[in-house]
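Reader: Hi! Could you walk me through this structure, one question at a time?

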Amino acid sequence: MTILAENLTWGVKRRTILSDVSLRVAPGETLGLIGPNGSGKSSLLRLLAGLRRPISGRVRINGQDIAHVSRKALSRQVAFVQQSAATDTNVTVSDVVRLGRTPHRSALAGWSETDEAAVTQALERVEMAAHRKQAWQTLSGGERQRVHIARALAQTPQVMFLDEPTNHLDIHHQIEILGMVRDLDLTSVIALHDLNLAAMFCDRIVVLERGVMRACGTPDAVLTREILRDVFRVTAHVCRLQDASRPHIRFSAK
Ligand SMILES: Nc1ncnc2c1ncn2[C@@H]1O[C@H](COP(=O)(O)OP(=O)(O)OP(=O)(O)O)[C@@H](O)[C@H]1O
């Protein structure tokens, strides 16, 4: 599914937080959103997912303006893994992932084999199947994050928005989860702070700076010494490992 954002502007009271952001994500593409703290990554993801209404501009998913699509219809196609999403504490891992099936079920329908299979497969994909009966509040931070991702996978979406999905994850699971999202047959937009992970897993990257799109392109085109200096305020050496098509950034201490 294609995601098309046209001239999105959003703000609170008199403060503009996102200014005139336009982008297109092709079917199956993984787009990275990077930028310093407060640059507008989460705000943009919420607009793209239809959780916030822009002041002006619009978002089309598969050609449809999402402002005219009901929340339930949208959530059959679109999943959102939020940063530190809140979850009712008195539930099991399995209960949390089962919530991902809600958009697919009608009020009268029982729990089906398809629902059960989607939950099991999602838990297996994030290596949490062995924890399915465990109480949510006893999970570690990284395990909770993986369960939130499993809930989104159980939704069997065609579009996925992920806000810092690698927060709390060890390096094995960071690589595992981002590789899985990239390889799934869906369109995804991922906000990331780790620029090397963005370079490794994203087809294209958008750089936000104070709510404005500063650059958009392949990792190679976007992760330049100049952008790292001007936007991220770091001195860095962008190198290319032998045989690697993607850049690798080495940061210098002051
Ligand atoms: N509901 C709101 N009310 C007021 N200000 C807000 C609101 N939502 C976001 N902001 C402000 O908008 C700016 C962008 O926030 P946002 O969370 O989108 O940034 P971010 O790039 O995701 O940051 P981080 O990397 O720190 O997670 C911040 O300065 C934030 O304080």
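Author: Gladly, and here is a definition to start with: two residues are in contact if their C-beta atoms, placed from the backbone, lie within 7 Å. Keep in mind that this is a predicted model.

Reader: What is the mean pLDDT of the chain?

Author: The predictor's confidence can be read for the complex and for the chain. The complex gets an ipTM of 0.98 and a pTM of 0.93. In the chain, 97% of the residues reach a pLDDT of 70 or more, and the mean is 93.

Reader: Which helix gives the most to the shell around the ligand?

Author: The residues around the ligand include Val12, Ile17, Gly35, Lys41, Ser42 and Ser43. By class, this shell has two nonpolar, seven polar and one charged residues. With three residues, the top contributor is helix α1 (residues 41-48).

Reader: How far apart are the end C-alpha atoms of helix α6?

Author: Helix α6 covers residues 171-183, which is 13 residues. At 1.5 Å a residue, α6 should span 18 Å, and the model agrees, because its end C-alpha atoms are apart by 18 Å.

Reader: Which residues of α6 are buried, and what do they pack against?

Author: A residue counts as buried if 20 or more other C-beta atoms lie within 10 Å of its own. In α6 that holds for His173, Gln174, Ile177, Leu178 and Val181. They cover an arc of only 120° around the axis, so they sit on the same side of α6. These buried residues pack against β3 (30-34), α5 (141-154), β7 (159-163), β8 (187-191) and α7 (195-201).

Reader: Which residues are exposed on the other side of α6?

Author: Here the cut-off is 12 or fewer other C-beta atoms within 10 Å. On that other side of α6, the exposed residues are Ile171, His172, Gly179 and Asp183.

Methods:
Residues numbered from 1 in each chain as written. Predicted model: local features only at pLDDT ≥ 70, side-chain atom pairs only at ≥ 80, totals over all residues. Near = placed C-beta within 6 Å. Helix = DSSP H or I, 4+ residues; strand = E, 2+ residues; numbered from the N terminus. Nonpolar A, V, L, I, M, F, W, Y, C, P; charged D, E, K, R; others polar. pLDDT = per-residue confidence, 0-100. Expected span 1.5 Å × (residues − 1). Arc of directions from axis to C-beta.
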